[in-house]
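User: I would like to learn how to read a protein model with its ligands. Please take me through it one feature at a time.

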Amino acid sequence: MSQTYAEAYADWQQHPHAWWEQAAEALEWSKKWDRAFDPSLGAFGQWFAGGEISICHNALDRHVAEGRGDKTALIWDSPVTNSKQQFTYNELTDSTARMAGALAARGIGKGDRVVIYMPMVPEAAMAMLACARIGAIHSVVFGGFAAPELAKRIEDARPRAVISASCGIEPGRVVAYKPMLDEAIHLSAHKPEFTFILQRPNLAADLIADRDFDLLSEMANATPAACVPVKATDPLYILYTSGTTGKPKGVVRDCGGYAVALHNTMSMIYGIKQDDVEWCASDVGWVVGHSYIVYGPLLLGCTTVMYEGKPVGTPDAGAFWRMIAEYKVKALFTAPTAMRAIRQVDPELTMLDGHDISHFDTLFLAGERCDPPTAIWAHDKLNRPVIDHWWQTETGWAITANFRRYGLFETKPGSGGRPCTGYDLQVLDDNGNILPRGESGNLAIRLPMPPGCAPTLWGSDDNYRRSYISDFPGWYRTGDAGQIDADGDVWIMGRTDDIINVAGHRLSTGQMEEILTGHKDVAECAVIGAADSLKGQTPIGFVVLKSGVNRPHEEIRKELVSRVREVLGPVAAFKEALIVPRLPKTRSGKILRASIRRLADGQDANPPPTIDDLAALDDISSALAKAG
Ligand code: COA
Ligand code: AMP
């Protein structure tokens, strides 16, 4: 270890451009950048302007050229289909080049968008890399979203092609993807020109002539395509995430900065070297999956693991330990909810017995704050450091963490660690003044954001500025509240907007309210995220019916629950809609969501003085008591 964390952070503060330029030297550039950072580009500036790079070349072909072709690049393990498969760098490069060739043969090229709607299969990673190979921009949509959500993304990204699969497998059910894709294309005003469909043995999809093509046949018949370098500042992907309304935000990631940031974090945060195996037990539909199932580990040239299964029930709570032992995993990255799921089933971790996890070094958690009891339990039972690190779709990599490269500082359960190099993180009051250590407020990052962070939102720099910069000019508003303690450790306390986190999935309560209000019998409603011992938070809707509606409440409740599932998707885990006579409001008519949430969490409502109708809170309490 040559530097401590404090030294590295100070080094970056003194030479913010040179620090990143040095990190960029580890990659192969088709053309070196003219300026490390150009403040005139994007919503706040862009990194490595003038440079040209192929992220696919750096993730695949470079390793082949440097003699690592026979090394395992990707391990796929799918307990839900009882299948396992491994791909060397040679094989992954070949398959990716074929898929890229098939896309190119149908006219896809630089700047074209391709939506990827796939379960956790190796072809999903190949599809992302294939787009990158020919300079197309991918937009992966998580399989747990319903057709209308997929349609919104198709309409906004305007893809020329969609790559999908016949089905995904959830425990106990086969999820037919193709009918959902058909429905989404039907709903969307924009129509993609063609689709490639991976036919899985579990369920065959009906293909529409001249629009849908069998992915594997297309790949088999394709001429492999070479890597096309693009500008470092060109978009690599768009990833939609929940905003505060029903319209998702298209977070744009550029190529050069992202490649540099991810490559650097593989050793800086995760302590991974080329001969190691890294496993990120997330989904390619989320940012974590983009960064640490696909791009990060492959850019480094190590082995990445892709898992189509759950922490429990596929087949049991020992699945993670079996995987770690079988593949000699050095670092596991998952969401705290996965650890809570294992802990609920196997509190003594008896299912670890018989698994040799001697290669396992560190457990990394993100997606939501890890509650201290879970962090302490995992640490004690696994006898390994447990590192909670905080990030967002927008940043693409961690804002705060602990650092294997610099030697770990003492981790405090419940804290997200300290700011990564590149982030000047401060706590601001509502007027944008920096608050002293120990005081809570808005967590904000001084501009510019480091490489890898979204330079803009799809189609609109202004929308980015409005969403993140205009509240505190000169700063990026993270939307999270928190504080920084005297040691510099950051404590994330939750969102300052209406976003909730359900099993590590970011969801908007505002969007659920829009869906509920769309029901013919609903006058108004409030959705809050109530504390949940497994998922962290779970949404509960409180609904006021229009006057004169006298249908059985049970019937309406069921319709509301199905409506959220059909419009947003099963991922919302929306299971409870409680019908109440009125909602508690301030004198100015603002619904008291915070008070409702406190009641749902079994606390005092603590209503503000601006409420006239205290009885409305009693109505909420009675509805909660009745629902148990
Ligand atoms: N395709 C279709 N449906 C999906 C899906 C997908 N890719 N992913 C989830 N769903 C469905 C589930 O089947 C479930 O449906 P159900 O209501 O019919 O049971 C629903 O969406 C909610 O899923 P989930 O939140 O995953 O809950 P769960 O009860 O199935 O599992 C955990 C709970 C804790 C085991 C699971 O949430 C988990 O493993 N979480 C880790 C999350 C993670 O990796 N997050 C990434 C950020 S780091
Ligand atoms: P997403 O964009 O889906 O990654 O969700 C980002 C949001 O999840 C953040 O703004 C936080 O609210 C929350 N989050 C993610 N990781 C953490 C963490 N380690 N600690 C606390 N909150 C987190």
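Analyst: We will go from overall size to sheets, then hairpins, then ligands. Keep in mind that this is a predicted model.

User: Where do I start: what are the dimensions of the C-alpha trace along its principal axes, and how many helices and strands are there?

Analyst: The C-alpha trace spans about 70 × 60 × 55 Å along the principal axes. The protein contains 18 helices and 32 strands. A compact globule of 628 residues would have a radius of gyration near 25 Å, and the protein has 24 Å, so the value agrees with that expectation.

User: Now the sheets. What holds the strands of a sheet together?

Analyst: Strands pair through backbone hydrogen bonds, and the pairing can be parallel or antiparallel. Here, one open sheet has seven strands in the order β5-β4-β17-β16-β18-β19-β20, with mixed pairing. Its edges are β5 (83-88) and β20 (386-388); each has a single partner strand, so one side of each is left without a neighbour in the sheet. On average, neighbouring strands of this sheet are turned by 20° against each other, direction ignored.

User: Which strands make up the open sheet of four?

Analyst: That sheet has the order β23-β24-β26-β27, and its pairing is antiparallel. At its edges are β23 (425-428) and β27 (490-495), each with a single partner strand, so one side of each lacks a neighbour in the sheet. Neighbouring strands are turned by 50° against each other on average, again with direction ignored. Between β26 (residues 475-484) and β27 there are five bridges, in the antiparallel sense. Ile484 is placed opposite Val490 of β27.

User: How do I read a hairpin, and which residue in the one formed by β9 and β10 takes a positive phi?

Analyst: Follow the two strands first, then look at the link between them. Strand β9 (residues 167-170) and strand β10 (residues 173-176) run antiparallel and are joined by four bridges. Ile169 has Val174 as its bridge partner in β10. Two residues lie between the strands, and Gly172 has a positive phi near 85°.

User: Now the ligands. What surrounds ligand 1?

Analyst: List the neighbours, then the polar contacts, then the cover. Ligand 1 has 24 residues around it, the closest being Glu170, Arg173, Lys535, Arg565 and Lys575. By class, this shell holds twelve nonpolar, six polar and six charged residues. An N or O atom in the side chain of Lys575 is 3.0 Å from an oxygen atom of the ligand. Backbone N or O atoms also approach ligand oxygens, at 3.3 Å for Ala281 and at 3.4 Å for Pro570. Of the 930 Å² of accessible area that ligand 1 has on its own, the protein covers 84%.

User: And which residues are closest to ligand 2?

Analyst: They are Asp388, Thr393, Asp480, Arg495 and Arg506, out of 14 residues that surround ligand 2. The shell divides into three nonpolar, five polar and six charged residues. A side-chain N or O atom of Asp388 is 2.8 Å from a nitrogen atom of ligand 2. For Gln392, a side-chain N or O atom is 3.1 Å from an oxygen atom of the ligand. A polar backbone atom of Glu368 lies 3.5 Å from a ligand nitrogen. The protein covers 92% of the 490 Å² of accessible area that ligand 2 has on its own.

Notes. Residues numbered from 1 in each chain as written. Chains lettered and ligands numbered in written order. Predicted model: local features only at pLDDT ≥ 70, side-chain atom pairs only at ≥ 80, totals over all residues. Heavy atoms only, no water. Pairing = 2+ DSSP bridges. Axes fitted to C-alpha atoms, helices over the stretch in contact; angles between N-to-C directions. Near = heavy atom within 4 Å. Polar contact = N/O pair within 3.5 Å; in protein donor to acceptor, adjacent residues only side chain to side chain. Areas by Shrake-Rupley, 256 points an atom, 1.4 Å probe, with all protein chains shown as cover. Nonpolar A, V, L, I, M, F, W, Y, C, P; charged D, E, K, R; others polar. Rg over C-alpha atoms; globule rule 2.2 N^0.38 Å.
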